[in-house]
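Reader: I would like to go through this model with you, one topic at a time. Could we begin with a single residue and widen the view from there?

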Amino acid sequence: MQKLIEVRNLNIAYGSPAGWTNVVQGVSFEIARGEAFGLVGESGCGKSTVAYRLLGYGTVNSLVQTGEVLFDGTDLLKLDAKSLRRMRGNRIALVPQNPTTSLSPGMRVGSQIREMIATHKALPPGMSMQARIAELFALVGLPDVGHRYPHELSGGQQQRVTIAMAVACNPDLLVLDEPTTGLDVTTQRQIIQLLGDLRSRIGMAMLYVTHDLALLAQIADRVGVMYAGQLVEVAPCDQLLAAPAHPYSRGLIASIPTVAGTERQARGLRGVLRRDQMSTGCKFEPRCDFASAACRSTPQVLEPVAETRTVACMKWRESAVPETPAVKPRLDAKATAKPERLLSIADLDLTYRKPGLFDKLLGRTSPSVVRDIDLELRAGEVVALVGESGSGKSTIARAISGRLPPRAGLISLDGGLLDPALKSRSVEQLRQIQYIFQNPDVSLNPRRRIRAILERPLDHFGIKADVKTLEGVLENVGLHAGYLDRFPEQLSGGERQRIAIARALLVNPKLLICDEILSALDVSVQARIVELLRSLKEKHAVAMLFISHDLAVVQQLADRVAVLYRGELMQLAETETLLAAPLHPYTEMLLEAAPGLSKDHYVSRPPAMPASKPVPGIGCPLAGRCPRQVGSVCAETRPPVQATGSGFIRCHVPVEKLATRAAPPVEKRPAAVV
Amino acid sequence: MSVFRLLASRILFSALTLLLVSVLIFLILEALPGDVATRILGRDATARALEVLRSQLHLDQPALVRYFHWLGDFLRGDLGVSIATGRPIADVLGPRIVNTLLLSLFAFVIYLVLALVPAIIQATNRGKAVDNVISVITLILLSLPDFLLATMLLFLFAVAVPILPALATISEASTWQETLRAMVLPAVTLAIMMAVYAIRVLRDSLIEVLRSDYVRLAELKGLRPRAVLFRHALPNAIVPALNVTALNLGFLIGGVVIVERVFSYPGFGTLLIDALQLRDIPLIKATVMISAAVYVAANLVADVLAILLQPRLRASR
């Protein structure tokens, strides 16, 4: 195969007042023409730093110590600014991580693409600029949205725009920096599908940077696994996923939650990457299950172990032996008597807009964000609230916690009615509901020590506690007393989230609201927090409302799942039943979109009646997007609630008909517009 | 909400603000001790003459009636008659406003250059010597009172190196070259006083924008640095500086009073000082109302520009 780009012995350091830190060490790999190469690793492993160097780009405080990035024979690291500009966008293009912040907010998206083509004079001969831009939009499955501003497009559409822009000059190499991280599962899959499609049509090479191995399985030919700035394994994607050789690759793969992955084999990763605890030998040694004394002192470099495979581990033969699957006893022994009802929500209706004076006079009502929610939580039960962004998951949590008084509906806890407004609730009621936020980096006060953070709720609720209590709760979440005198910034993301959980547990609540508490964390950390939550649930019999967009995580933790779409409850079912037989078309879409650990040739189902628009507040919100829509009745009338074994679905299609799963679509269609 | 509804609501609020200002001015001047009729006719005027004058000036009517009377006249363009000179205020104000507008416009153009150029230089050379030097200079200028700066410039360019006139007295007879030369020193003083605030805000917001994802993507699209700066960075960085500029225009009104005084420039500011010294109440009312209107209008323009520069604002509720 012909090499397109070759990275040779790249060493990069970041400067700080404390001195230089090596973030990339001795990284070498190559990408052939038309090949998709994946770079995977946890946050802080240096994968993005390497990727941006392929565009000849580095932040001001970073320094390339040694190394070459040879693109078609020229070293990008030695190019002058002008020649580099001729490369960028034209021959090597970037698809950024966050399209919402990466598109210029004050410029129409068409002009942003035009600018790219004009700069590189890349208009195909005999074609007008207008026609070329329209063609590019069509290529990524968008209508002509050139006159729109970025904020007028959805996240998925914005990402399609950046992809259209990246391929505008027919580049040889596309660098993709976590291009689907902020997107919903279904959107994510459509983008992946689109990228695969573009690759086969245009034939460009790709460097795909991500922390998500399941996604790489769908698109990459070969994968490089990075740890602490070094490549520890390079292998063809299917081989890596089937039989990872490096202990780190094994742990990483084991940590990934998948919907199908109930028969988990190897154990996940322990510990976290700490650059201050590096040994002179193998970087992974402190976290490795196979480490010996020699590992600590002998640096490991990539050695070929098979024709297409290199591994940087002298013990790879030992670690590659598959462990005997440790069958985890499923805790199916449910209490025979149904525990009492803890929380019940009836006819909840929420809106963010307060009606103005004019609206009141004219009798207008503002649209509801969330409608007709009926939900119950029993003591000690974990109910997951699942749905895409904007479906109203967090809004419901806000109403339960009292931060958003509902427009209509009743919320009661333990038989007593909860006042809609936070300030009118009793101290006791406040104590019983505790909230854990998505991002622990911003939900803990950076200026207070952990001790003060933990003591604050105890003071507030007048709970007597001694040092033992704090140590006990820290132990509960897998930390030790030494953390009490640290500041949040001295902790890793996972440790901070543990503190947030400890803080919530301290006051002995009956209900924990977990609002996307895993999404800001690395997979290996996620796996361990899930483990922690599971043990807490058993030990403390605390009920949880677990909000998530990730069905794979949900299945490891939740007893029941409530599926939400555009503010309406589509389905409620026991977790296992839901996964085995989703029934509701929307649940089915979500499940199909969740990537497995092997290439699954996912093709999104086309909607049955794309032109249909639901009557707001009356029709089924899924109308127009639903692959099983039966007719205009879906859009015009309220879907009936149909009882199923363990819950209900809200759908016009009869349950019996839904139970027979539609055959997966055979014909490959152009991706639907997100 | 459509752009038009947004605009309409902003204009409505501006009008309401002005109405409130008019009430305040009226109340304050009403609360001043002394009798207008006595001031005009002098202490030894007969009681009869005073009464006649009072009824001519509607002073015998209740305050509420007089307020609406004044407001109605004002809205029709009838600003009343100056007590001190006996001339219609519109005739006195007209040429002065033109002079001040000329001076402000000149100052504003200089201001734009003085604010943008150093800020761009600083933001693109962050942390380097030139950044620090400009920071120190702006800090020094920031802490100088405006009359002191005016006097220093006067000394430098009119006394030590006499290239510009010390007195900016112009009349209808002056040629445009003379007018321009006369305006340089006061305009530069005003511009510097305004620019030092804007430079700091603009530098910081430009640094932030230069660090943003969209500027990085623009760079990685292979655009020339100038295109990245002027097309992607600057339009977004200017928005915070717009509010400062609107506040600056408020300063301009106050600054004009002092700077015009220092350079004896026959503008609106000197007129306002005269009116205050002579307690020429109708003239004070008219000048204060006009300066308030300018201030409110400037903020309105800044708001509208911000909306135009940031399409996102149009969508916000």
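Reader: Leaving aside residues up to four places away in sequence, which residues does I463(A) touch?

Author: This is a predicted model. In it, I463(A) touches L458(A) and V507(A), with residues up to four places away in sequence left out of the count.

Reader: How far apart are the C-alpha atoms of I463(A) and V507(A)?

Author: They are separated by 7.5 Å, although the two residues are 44 apart along the chain.

Reader: And where does I463(A) lie?

Author: I463(A) is in the loop of chain A that runs between α17 (450–460) and α18 (467–476).

Reader: Why does I463(A) count as partly exposed?

Author: Because I463(A) has 14 C-beta neighbours inside 10 Å. A residue is called buried at 20 or more and exposed at 12 or fewer, so values in between are partly exposed.

Reader: A593(A) takes me to helix α23 of chain A. How many of its nine residues are buried?

Author: Eight of them, so the helix, residues 585–593, is mostly covered. The buried ones are P585(A), Y586(A), T587(A), E588(A), M589(A), L590(A), E592(A) and A593(A).

Reader: What covers the buried residues of α23(A)?

Author: The covering elements of chain A include the helices α7 (185–202), α21 (551–557) and α22 (575–580). The strands β21 (560–565) and β22 (568–574) are also among them.

Reader: Changing topic to backbone geometry: what is phi at K121(A) and at D372(A)?

Author: Phi of K121(A) is near 45°, a positive value in a residue other than glycine. For D372(A), also not a glycine, phi is positive as well, near 50°. Most residues other than glycine have a negative phi.

Reader: Where do these two sit, and are they buried or exposed?

Author: K121(A) lies in the loop between α4 and α5 (129–139) of chain A, and it is exposed, with 8 other C-beta atoms within 10 Å. D372(A) is part of strand β14, residues 370–378 of chain A. D372(A) is partly exposed, as 18 other C-beta atoms lie within 10 Å.

Reader: Let us step back to chain A as a whole. How many helices and strands does it have?

Author: Chain A has 25 helices and 24 strands. Along its principal axes, the C-alpha trace spans about 75 × 65 × 50 Å. Of the 674 residues, 47% are buried.

Reader: What would the radius of gyration be for a compact globule with 674 residues?

Author: It would be near 26 Å, and chain A has 26 Å, which agrees. Regarding contacts between residues at least 6 apart in sequence, 67% of those in chain A join residues at least 24 apart.

Reader: Which residues of chain A does the "domain: ABC transporter" annotation cover?

Author: According to UniProt, in an unreviewed entry, it covers residues 7–253 and 345–591. In the model, the span 7–253 is 36% helix and 28% strand, and its end C-alpha atoms lie 25 Å apart.

Reader: Where does UniProt place the "transmembrane region" feature in chain B?

Author: The unreviewed entry lists residues 101–121, 133–163, 183–202, 241–263 and 283–309. In the model, residues 183–202 are 100% helix, with end C-alpha atoms 27 Å apart. Residues 241–263 are 96% helix, and their end C-alpha atoms lie 29 Å apart.

Reader: Finally, what span does helix α8 of chain B have, against that of a straight helix of 35 residues?

Author: Helix α8(B), residues 176–210, spans only 42 Å between its end C-alpha atoms, whereas a straight helix of 35 residues would span 51 Å. The helix bends by about 40° at V184(B), and the proline P186(B) follows within four residues.

Methods. Residues are numbered from 1 along each chain as its sequence is written. Chains are lettered from A and ligands numbered from 1 in the order in which they are written. This is a predicted model: local features need pLDDT of at least 70, side-chain atom pairs count only at pLDDT 80 or more; totals for chains, interfaces and linings use all residues. UniProt positions are given in the numbering used here, feature names are shortened, and annotations may be inferred rather than shown by experiment. The radius of gyration is taken over C-alpha atoms; the globule rule is 2.2 Å times the number of residues to the power 0.38. Two residues are in contact if their C-beta atoms, placed from the backbone, lie within 7 Å. The expected span of a helix is 1.5 Å times one less than its number of residues. The bend at a residue is the angle between axes fitted to the seven residues ending there and the seven starting there.
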